[in-house]
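Subject: Handover of a structure

Dear colleague,

Please find the structure below, with its sequence.

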Amino acid sequence: MTEISTGQEPLIRARRLTKRFGSFTAVDGVDFDVAAGEAFGFLGPNGAGKTSTMRMIGTVSPVTAGDLTVFGLDPARDGARIRTRLGVVPQADTLDNELSVLENLLIYGRYFDLSWAEARRRADELLDFVQLTERSGDKVEPLSGGMKRRLVIARALINEPSLLLLDEPTTGLDPQARHLLWDRLYRLKQRGVTLCLTTHYMDEAEQLCDRLVVMDRARIVAEGSPRQLIDRYVTREVLELRFRRAEGETDDSAHLNGQLEGLAERVEQLPDRVLVYTADGEAAAAAAYERGLRPASVLVRRSSLEDVFLRLTGRSLVD
Amino acid sequence: MTAIGLRLVRPGAIASRRSLRVLEHDLLVFRRGWHSYLLSGLSQPFLYLVSMGVGLGLYVNRNSNLPGGVPYLDYIAPALLVTQAMMAASFESAWPIMGKIEWDKTYHAALNTPLGAMDLLVGDLMWIAFRATLLSVLFLAVIVALGAAASPMVVLAVPVAVLTALAFAAPIMAFTATQTGDSGFNALFRFGITPLFLFSGTFFPIERLPLFLQPLAWVTPLYHGVAVARSLSLGQVEPVGLTVHILALLAVAMAGLAAARVTFRRRLVV
């Protein structure tokens, strides 16, 4: 694990952090630090232990074993004090369908002990920030998925938190809604809010995170900035080859026949395509063609965290 | 269990400022629909009292078999007041609470704020008490308008109804927190609440029940609530009996609260 260079006390500090439900281990002795002001990500497939870790940080799920401090405080003893300074965007929207958009924010402000007037002032400001001012008096139910997500984010900001926890903030949203959300999160980060998020989207992790850990089966398998992880575990470029399969063929071995040997650092066969890891994708494509390979489609792209994950676990991230 | 119960008696521990926030939430929801509450809160008692008290009472009074020759309307009015509060509280501590735990998960949203599971439990119990108070006051108004109370002590039937409501709400909330869907509620109402409504001395003295069923009535909180409210309304107060009834109601409410405290934690803090 890399040490935080600022020398300051980290906002979140976890050592051998463990969560068990009966005999099932959801989080298995993970270590990580999150520094003030950074955007930190937990990347991994469903069931990797991301949500359980977030819920422990949010002090709503008791730690089974290991050490965890948030703002230097112990979640078991100072849960309410920690939550006062925390904003949480849970995986499920958990909005109150019996209340209007504005009322959802007001009552949440009251839970944080704000006066009605102060809650109102902040709610108006936040509705503007997430572009929901016109829907202020509406019920929550008819809002689109993206709007609901934005409302949940506004709700999480009502107490002006210094740390925002986001559990899969854009899962299930269309691309436009995702980009609007990313933009808002980016602005928050610029204002100095520390972001801690989980995602199983590569582009999201690359867009938002300064630093991240890759989780798989309750453990952390790698840690670093998106760039560092890509440099460390994969090549600069990836050549993707797709072959037209004959009847009964279940993989592409018949087409490859060892013809990629020596062309690439690593070759990965996926159910629907072949990934060729190489510094120069164009050159590898040309070489493959020279050797007689005739793929149905060829794509050269920059490698991503998806490739890192594949490399680390042997499985693709979104099954 | 007693240790938990005793600790709960500390008023500061029960009604913390945080639990008041939960009550505020429920009042905010209530603000949207208060007119329909008011309408049904007045029409229901009127319909019940006129049809059963006046209509059915015509035949009952002819035989005048009630203790002390009390008019049937006067006999059932305080009982129905308590019953209505009990019914509303039972409903409110089942489906809406399940919604907050499981369907809308708004409890989980609240737990991300400084509020804790205990605040949610106590705050929603306060709301149920508030609603029972409101319904009982409306019921009382109809009783007075129909001249169905012999004694001004009938106003004390309101707090008795609220206490009875809590004696149902607390244990039912404890039960709700153990459920994952609402199928258990159907059984609870069919085999629990409805029979109680019919056989707790509401419509006829429990002495008319078969002998083996009478002890069953004694252990149900509704019987005690009905007995107290009726004695107040008829002006036939017997201090020792009244104290026993009140203590019985308190005991059930406190036991329910202690149980709910455990099941809420178990359900919400995982």
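One loop of chain A, between helix 4 (116-129) and helix 5 (145-156), holds Gln131(A). Please note that the model is a predicted one. Gln131(A) is not a glycine, yet its phi is positive, at about 55°. Most residues other than glycine have a negative phi. Is Gln131(A) buried, partly exposed or exposed? Gln131(A) has 13 other C-beta atoms within 10 Å and is partly exposed.

Ala218(A) also has a positive phi, of about 70°, although it is not a glycine. Ala218(A) is found in the loop between strand 8 (211-216) and strand 9 (219-224) of chain A. In its case 22 C-beta neighbours lie inside 10 Å, so Ala218(A) counts as buried.

Chain A is assigned two domains: domain 1 covers 12-230 and domain 2 covers 235-302. The centres of domain 1 and domain 2 of chain A, taken over C-alpha atoms, are 39 Å apart.

I turn now to chain B. How many helices and strands does chain B have? There are 12 helices and 0 strands in chain B. For its 270 residues the globule rule gives a radius of gyration of 18 Å, and the value for chain B is close to this at 19 Å, so chain B is as compact as a globular protein of that length. Along the principal axes, the C-alpha atoms of chain B fill a box of roughly 60 × 40 × 35 Å. Of the 270 residues in chain B, 47% are buried. When contacts in chain B between residues at least 6 apart in sequence are considered, 82% of them join residues at least 24 apart.

Helix 3 (residues 17-63) of chain B has 47 residues, and a straight helix would reach 69 Å at 1.5 Å a residue. The end C-alpha atoms of helix 3 of chain B are only 55 Å apart, which falls short of that span. Where does helix 3 of chain B bend? The bend is at Gly33(B) and amounts to about 70°. Several residues of helix 3 of chain B are buried, among them Arg18(B), Leu23(B), Asp26(B), Pro45(B) and Gly57(B). The cover over the buried residues of helix 3 of chain B includes helix 4 (72-92) and helix 7 (117-145) of chain B, as well as helix 3 (101-111) of chain A.

Helix 11 (residues 221-234) of chain B has 14 residues, which should span 20 Å at 1.5 Å a residue. Its end C-alpha atoms are 20 Å apart, in agreement with that figure. Why is helix 11 of chain B said to be largely enclosed by the rest of the structure? The reason is that 14 of its 14 residues are buried. Just after helix 11 of chain B comes Gly235(B), with a positive phi of about 70°.

In soluble globular proteins, nonpolar side chains tend to be buried together. The largest nonpolar core here has 170 residues, and those with the most contacts inside it are Leu81(B), Ala85(B), Ala161(B) and Ala165(B). This core lies between domain 1 (12-230) and domain 2 (235-302) of chain A, because both give residues to it. Leaving aside neighbours within four places in sequence, Ala165(B) is in contact with Ala85(B), Met86(B), Ala89(B), Ile128(B), Ala129(B) and Ala132(B).

Yours sincerely

Note on methods: Residues are numbered from 1 along each chain as its sequence is written. Chains are lettered from A and ligands numbered from 1 in the order in which they are written. This is a predicted model: local features need pLDDT of at least 70, side-chain atom pairs count only at pLDDT 80 or more; totals for chains, interfaces and linings use all residues. Domain bounds come from an automatic or database domain assignment. Helices (H or I, at least four residues) and strands (E, at least two) are DSSP runs, numbered from the N terminus. The expected span of a helix is 1.5 Å times one less than its number of residues. A residue is buried if 20 or more other C-beta atoms lie within 10 Å of its own, exposed if 12 or fewer, and partly exposed in between; C-beta atoms are placed from the backbone. The radius of gyration is taken over C-alpha atoms; the globule rule is 2.2 Å times the number of residues to the power 0.38. Two residues are in contact if their C-beta atoms, placed from the backbone, lie within 7 Å. The bend at a residue is the angle between axes fitted to the seven residues ending there and the seven starting there. A nonpolar core is a set of buried Ala, Val, Leu, Ile, Met, Phe, Trp, Tyr and Cys residues joined through C-beta atoms within 7 Å.
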